[in-house]
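Please read the points alongside the coordinates.

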Amino acid sequence: MRWAAFLWEGVSRRAPGTNNGFSNLVLVVAAASSGGLVAYADSISDDAVDKPQLPPRKKVVVLGTGWGGTTFLRNLDSKLYDVQVISPRNYFAFTPLLPSVTSGTVEPRSIVEPIRRILEKKGGEIKFWEAECFKIDPENKKIHCRANIGTNLDGNGEFLVDYDYLVVAVGARTNTFNTPGVVENCHFLKEVEDAQKIRRSVMDCFERASLPYLDEEERKKNLHFVVVGGGPTGVEFASSLHDFVTEDLSKLYPSIQHLVKISLIEAADHILTMFDKRITNFAEDKFGRDGIDVKTGYKVVKVSKDAITMQNPATGDISVPYGMAVWSTGIGTRPFIVEFMKQIGQANRRVLATDEWLRVLECDGVYAIGDCATINQRKVMEDISEIFRVADKDKSGTLTVKEIQDVLDDIYVRYPQVQLYLKSKQMNGIADLVRSDKGDAEKESVELNIEEFKKALSLVDSQVKFLPATAQVASQQGQYLARCFNKMKDAEEHPEGPIRIRGEGRHRFRPFRYRHLGQFAPLGGEQTAAQLPGDWISIGHSTQWLWYSVYATKQISWRTRALVVSDWTRRFIFGRDSSCI
């Protein structure tokens with residue numbers, strides 16, 4: 001008992017403030033015979049008592065694992081949010097190489113990366129569910145989902161997910177323009193599964209044409225491949241198919257290879273209209289030399305099981321038999337996005353409208369990136385009176401050039417069309433624009449009233465540009481939005497955006513700005529056309545190697561990069577595989 005008393009005394013005599021993390025110590029001692037000692041100590045940590053409980057993290061739900069959604073996830077600091085990902089496919093696909101998959105140049109698994117592997121590398125507790133969203137409820141901040149695999153106890157596989165922030169990155173579907181028979185009889189080229197179906201269909205056409213009981217007309221019909229749409233996807237598929245036929249299948253089917261015909265149908269006057277005219281002309285000339293029949297100015301009006309009917313002002317309706325058809329004519333909105341647009345007053349739009357910060361208009365906490373949305377750039381003339389008010393700091397009712405220049409940087413950021421207009425007119429700044437409107441007066445001494453200011457800027461909105469629906473745009477939007485989410489808390493206290501034209505203070509972030517890095521158009525025969533920034537055009541074999549290096553570099557992982565490069569090497573050595581797998 002003396003030892004027990006000594007122990008208690010030693011504990012109780014600790015100096016105040018030196019409890020070493022213990023705020024309370026209770027010691028109970030009982031003596032037993034033969035010197036046994038039983039002791040119990042209970043301590044409560046100061047950290048557990050004093051440490052404030054952290055507020056729950058905001059829930060971020062991401063719909064889609066395409067270019068926009070995956071780039072957003074890869075750049076988001078997942079420790080700041082409770083992140084949940086919902087998508088009907090559990091992988092990311094490098095879609096620019098889908099035409100190569102159709103011809104066996106690249107294997108389908110070489111261009112996909114499991115989304116769970118991407119999330120694993122991020123760390124944190126990011127949840128993924130393989131399901132499809134079929135309804136968004138913005139009023140209650142919930143989304144309705146349906147699992148692709150398995151069902152719940154009700155038997156329908158449906159469940160609800162609530163959110164604080166919703167990032168819609170579901171992409172788009174192929175636009176058929178309500179043409180009869182397209183869905184039933186044509187292939188699309190948007191997903192990996194589409195490319196695999198096309199590859200099998202090509203081989204089925206050749207095997208069918210080889211059957212002994214067919215006459216020559218039937219063989220020609222089976223070997224007529226039609227591509228509808230003269231954009232980058234349609235052109236690349238047509239050229240890839242031509243290479244597959246001439247370099248590989250012609251050796252395996254020598255008796256029927258002369259019956260193969262590839263037709264490219266485009267409603268416009270030229271193919272690749274989004275490229276420079278030099279590339280368009282080169283592509284049309286090359287396809288002519290390769291024997292690809294390019295039909296421009298033709299509109300497909302009906303697709304049946306055996307024939308495609310098209311219209312031309314000069315020839316009227318023409319019906320041609322075909323063996324396989326691929327439809328690649330632009331993008332359309334997914335059904336649940338159409339319903340969502342009706343709920344938020346955007347029923348008359350083609351895709352979701354967002355502001356320059358990628359926020360869906362009139363919808364709190366919802367963002368949209370990629371092909372499912374477009375940025376509704378604010379017009380200068382809509383805010384011209386407010387711009388005048390902000391610039392007129394002395395409230396004189398007139399603006400000098402110096403007053404305009406004081407807010408010019410913010411105007412450039414908020415309304416990029418102003419800078420584009422000045423550049424298109426070869427003007428160095430706003431002073432030149434004012435001088436052009438006021439004559440040859442001294443630029444610095446010119447003063448503008450509100451009507452003169454409106455007149456000077458009346459044409460700048462003609463430079464408003466809509467972004468193309470490309471992987472490049474979606475990727476940059478995902479990266480930008482992730483950066484905004486990572487800095488959201490700091491930006492509340494230290495905003496970095498331009499002056500609020502309507503309201504006080506500054507915007508939290510600078511608006512999204514797309515930076516065009518160039519575009520490629522593979523034309524077959526190891527030749528590619530490239531249109532790069534600075535109006536630099538490159539066409540030929542050397543550009544093909546640039547295409548190889550860029551697409552290998554842009555792969556999402558070292559695994560897919562190695563697989564794609566090995567597929568290209570295998571094709572060079574052994575040719576393309578023609579198995580119907």
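1. A term is needed at the outset: helices are DSSP runs of H or I of at least four residues, numbered from the N terminus, and lining residues are those with an atom within 4 Å of a cavity point. The model under discussion is predicted.

2. Rolling a probe the size of a water molecule over the atoms shows where empty space is left.

3. Lining of the largest cavity. Two or more lining residues come from each of α4 (98-102), α9 (232-252), β25 (519-524), α20 (541-553) and α21 (558-574). Helix α9 gives the most, with four residues.

4. By class, the residues around the largest cavity comprise six nonpolar, seven polar and five charged.

5. Packing of α9 against α7. Two packed helices are described by the angle between their axes and the distance between the axes. For α7 (residues 192-209) and α9, the angle is about 45° and the axes are 13 Å apart; α7 is therefore oblique to α9. The crossing of these two helices is right-handed.

6. Which residues make the contact between α7 and α9? Helix α7 supplies I198, V202, M203 and F206, while α9 supplies F237, L241, F244, V245 and L249. The contact of α7 with α9 has nine nonpolar residues, and neither polar nor charged ones.

Methods. Residues are numbered from 1 along each chain as its sequence is written. This is a predicted model: local features need pLDDT of at least 70, side-chain atom pairs count only at pLDDT 80 or more; totals for chains, interfaces and linings use all residues. Side-chain values use heavy atoms; hydrogens and water are left out. Ala, Val, Leu, Ile, Met, Phe, Trp, Tyr, Cys and Pro count as nonpolar, Asp, Glu, Lys and Arg as charged, and the others, Gly among them, as polar. Axes are lines fitted to C-alpha atoms, for helices over the stretch in contact, and angles run from 0 to 180 degrees between N-to-C directions. Angles under 35 degrees count as roughly parallel, over 145 as roughly antiparallel, 65 to 115 as roughly perpendicular and the rest as oblique. A crossing is left-handed if the near helix is turned anticlockwise from the far one by less than a right angle, and right-handed if clockwise. Contact means heavy atoms within 4.5 Å.
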